[in-house]
Amino acid sequence: MTRLASPVARVLCGATILVVQGCGEPSGTPDASSSDTDTAATSTSTGSSGEASGQVPTEGATTGEDGSGGSGSHGQDSNSSSTGAIDPPPPGCGNGTVEPGEACDDGNDDEFDGCLADCTEVPAIDVPPLEWKYVPVPGTQCMNGDTAGFGISLNPDSKNVMIYLEGGGACFNDVCDFSAFNIPFIPPPDGIFNRANPGNPVADWSMIYVPYCTGDIHGGDKDTMLGGQVRHFRGYTNITKYLQQWVPTFADAENVLLTGISAGGFGAGLNAVQVADAFGPGPQMIVIDDSGPPVGNQVIPPCLQQTFRAVWGLDQTILAECGGDCSDPDDFATGVLAHTLKKHPDIRFGLFSNTADTIIRAFMSFGWGNGEHDNCGGVPLIVPADVYEDGLLSLRADYEDTAATYYIGQTQVLYNFGQGHTVLRSPTFWTTAVDGVQVSEWVGQVIAGEVTHVGP
């Protein structure tokens, strides 16, 4: 079904460092959503900026006009006239015809065209141009059960949109700092959000900011018992709900940039396929991952990836989408990237990272108990810098012709020997330069489709 360009005029069918704790395997107790629980073994947590904050960061049946339950399709009525003619099917939501009491009815052929499966229209995003406004979205959840949402700054004169996922660590054990995932929306002041800087390649784009309140690197869909309470990990399914508003709002988009820092960088990679699928073949899709590298399990050990899957329900989200391309579910980060570039080969992908990033190395330390790889039962020790750098260089080599990279190496004295973390939303977006190439310039190159590699 053709998506209509204006959500306001839409009539559809006539009518979006560090305190280290011990780690171990999840307890294996069942999911809280099925009357039982999972217990995780490890945790990280930061504030909305992605920096450390005391711990390691890192549609049902509907109703027809007669009040009867409707469904996506209707069988023939069993009553016939004496001539043998079949009576028409009873009216109801999902039959492709707008009837009394329905705002729209598209036959449920497209989840993201602005007409929901209950035959109501998605609310139009009505905000003043170039001003930030927070939009809560019914049906979404933060980890504590609150309704989630997004901030948006619309430029009606632009056909380009940036979707930014905030960072802030990860929550996967009883000692997680749950308060770190209940931070109010604050319009970001600088970096890639700075509209006044002429060097910003997205200065005149519409911008969407997704706060981080789920603690699951924007990838989960599961209720899990942690810290004596049920925690709602809904990062992935929240994005799905947001897309129901974003896609019809930007139906004529020419470029869609999905990006984020730290946990939001991981989230950008994990959500790339569902965002690209929702927007369809019209716009150019671009993904820029800042400091959430999809490195292999030689860096993110299998036991830690198992913990993430068990606590956040990744088997029901990203791994279900990935299918056979993620043949090793305990190496899902690299599998998801391969799947993304296979399913959407025209995606423009860029990765920024410091090669000795202390925050991400500490995050992954929970799979390095006592300094041993794939030991989630010992005292977490930070991933060796050379192992982390090797993982980044291997990732670059695997996708040299299809994914751009910008690495700050361990020889860069000016940048604390490559131990920093994130760049997109801070003033360093304008001051960071390696080999004469500024980060802001490199971002522009990725958007333009250039596959360039900066740094070691």
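Modeller: Happy to! In this predicted model, methionine 162 stands opposite leucine 257 of strand S9, and methionine 162 also stands opposite methionine 207 of strand S6. The strand to look at here is S5, residues 160-165. S5 and S9 (residues 255-261) run parallel and are joined by six bridges, while five bridges pair S5 with S6 (residues 206-210), again in the parallel sense.

Now for the faces of the strand. In a regular strand, side chains alternate between the two faces of the sheet. Both faces of S5 are covered: Asn160, Met162 and Tyr164 are buried on one side, and Val161, Ile163 and Leu165 are buried on the other. With six of its six residues buried, S5 is therefore largely enclosed by the rest of the structure.

The model has 21 aromatic pairs. One of them joins tyrosine 134 and phenylalanine 185: their ring centres are 5.7 Å apart and their planes meet at 25°, under the 30 degrees cut-off, so the pair is stacked. Because tyrosine 134 lies in strand S3 (residues 132-136) and phenylalanine 185 in the loop between S5 and S6, this pair ties together parts 51 residues apart in sequence. As for accessibility, tyrosine 134 is partly exposed at 33% relative accessibility, whereas phenylalanine 185, at 19%, counts as buried.

Methods. Residues numbered from 1 in each chain as written. Predicted model: local features only at pLDDT ≥ 70, side-chain atom pairs only at ≥ 80, totals over all residues. Heavy atoms only, no water. Buried < 20%, exposed > 50% of the residue type's maximum accessible area, 1.4 Å probe, protein only. Helix = DSSP H or I, 4+ residues; strand = E, 2+ residues; numbered from the N terminus. Pairing = 2+ DSSP bridges. Phe/Tyr/Trp six-rings, centres within 6.5 Å; stacked < 30°, edge-to-face > 60°.
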